[in-house]
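Take a look at the structure below.

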Amino acid sequence: MADRKVLVDRSQSGKVRPWREHKLENLQYGDYLQMLHYKKAHRVKECGEVLRFVEDKNGHKKLAQTWFCHSRLCPLCNWRRSMKQSNQLTQILTEAVKQRKTGRFLFLTLTVKNTTGDLLKSELRQMGRAIAKIFQYKKVAKNLLGYVRSTEVTINHEADQPMYHHHMHVLLFMKSSYFTGTDNYISQAEWTGYWQRAMKLAYVPVVNVEAVKPNVKRQKNSLLASAQETAKYQVKSKDILTNNQEQDLQVIDDLEQALAGSRQISYGGLLKEIRKQLQLEDVENGDLINTDSDDQQVDQAVCEIVAKWDYQRKNYFI
């Protein structure tokens, strides 16, 4: 046992991939599920227990085989899912720009007031119906080429009971005519009015819309940044795994119920068509071993490496 080495899996850029951190979070999540008497607790804890990699002559590793639990809140699965979604979305957007060179992107964030755990599921469903309505409004429909939308839930732990801030990120691909004249252009106030109307809200919600620059790589309002924001985790691990066990249990139970059967990310219009053209796999239920990231490609494999989680030493060892 003493001569076994700790797994170090570096990306092409030299960054260490956080297998250990996510596995530790996964085990804590599994413990909570056990306390809450969820049947899947045992299989969640077995997620990513043994990792088989292929390695090239430069020491770059690519995951070749493991078993993922696919639970919606699993930190290991969410990490892989987010990578895959981001990569797929980048491919789709690249192709969209090729097919419709004059198209323009907008990044829309739609929020509502925080809600309680017992109302979260119905509120999320209402948001899904409301955004579908907005896409049918005349001024939006005539300018819209396609869209991708995702939901995110953050948690306010300060209140007497956990409160949930559920909001939607929507990346819109619009015709170039959107920016020509008031007949086409939709101001932030108009977007806010559409959202208020579609959601049937008695208050004015917070809505943010900004144009996205397709050729800028890393700035806040770039296409790449918007894609990553849309494809990121639905719920962050730090929101469900805090130092307050009683509240963590409540939050996990609430989210397990509210998110069951829902989709985190969905496509429409041209972006949905391109997704089909590229024959991209369904990330929600698909393979999480191959995230198709350029950073996870290796040259010709020269050896195989098997890393196993050591429960006593709390790390992966080769």
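The side chain of Glu-284 comes within 2.9 Å of the backbone nitrogen of Gln-264. This is a polar contact, a pair of N or O atoms within 3.5 Å; within protein, one must be able to donate a hydrogen and the other to accept it, and residues adjacent in sequence count only if both atoms are side-chain atoms. The model is predicted: local features need pLDDT of at least 70, side-chain atom pairs count only at pLDDT 80 or more, and totals for chains, interfaces and linings use all residues. Residues are numbered from 1 along each chain as its sequence is written, and side-chain values use heavy atoms, with hydrogens and water left out.

Glu-284 sits in the loop between helix 10 (269-277) and strand 8 (301-310). Helices (H or I, at least four residues) and strands (E, at least two) are DSSP runs, numbered from the N terminus. Is Glu-284 buried or exposed? Glu-284 is buried, because its relative accessible area is 9%. Buried means under 20% relative accessible area, exposed over 50%, and partly exposed in between (1.4 Å probe, protein chains only).

Glu-284 and Gln-264 are 20 residues apart in sequence, and their C-alpha atoms are 8.0 Å apart. The side chain of Glu-284 also makes a polar contact of 3.0 Å with the side chain of Arg-72. Not counting residues up to four places away in sequence, Glu-284 touches several residues, including His-70, Arg-81, Gln-85 and Ser-262. Contact means heavy atoms within 4.5 Å.

Asn-184 lies in the loop between strand 5 (163-174) and helix 6 (188-199). Asn-184 is buried, with a relative accessible area of 15%. A polar atom of its side chain is 3.3 Å from the backbone oxygen of Ser-177. Leaving aside neighbours within four places in sequence, the contacts of Asn-184 include Lys-139, Lys-142 and Tyr-178.

Lys-62 belongs to strand 2 (residues 61-65). Lys-62 is buried too, at a relative accessible area of 16%. Which side chain joins that of Lys-62 in a polar contact of 3.4 Å? The partner is Asn-290.

## Helix 3 and helix 7

Two packed helices are described by the angle between their axes and the distance between the axes. Helix 3 (residues 75-99) packs on helix 7 (residues 223-231) at about 140°, with the axes 9 Å apart. Axes are lines fitted to C-alpha atoms, for helices over the stretch in contact, and angles run from 0 to 180 degrees between N-to-C directions. The angle makes helix 3 oblique to helix 7. Angles under 35 degrees count as roughly parallel, over 145 as roughly antiparallel, 65 to 115 as roughly perpendicular and the rest as oblique.

Among the residues that meet are Leu-89 and Leu-93 in helix 3, and Leu-224 and Ala-227 in helix 7. By class, this contact of helix 3 with helix 7 has 7 nonpolar, 6 polar and no charged residues. Ala, Val, Leu, Ile, Met, Phe, Trp, Tyr, Cys and Pro count as nonpolar, Asp, Glu, Lys and Arg as charged, and the others, Gly among them, as polar.

## Helix 4 and helix 9

The axes of helix 4 (residues 117-136) and helix 9 (residues 245-259) cross at roughly 25° and come within 8 Å. That makes helix 4 roughly parallel to helix 9. The contact of helix 4 with helix 9 divides into 5 nonpolar, 2 polar and 2 charged residues.
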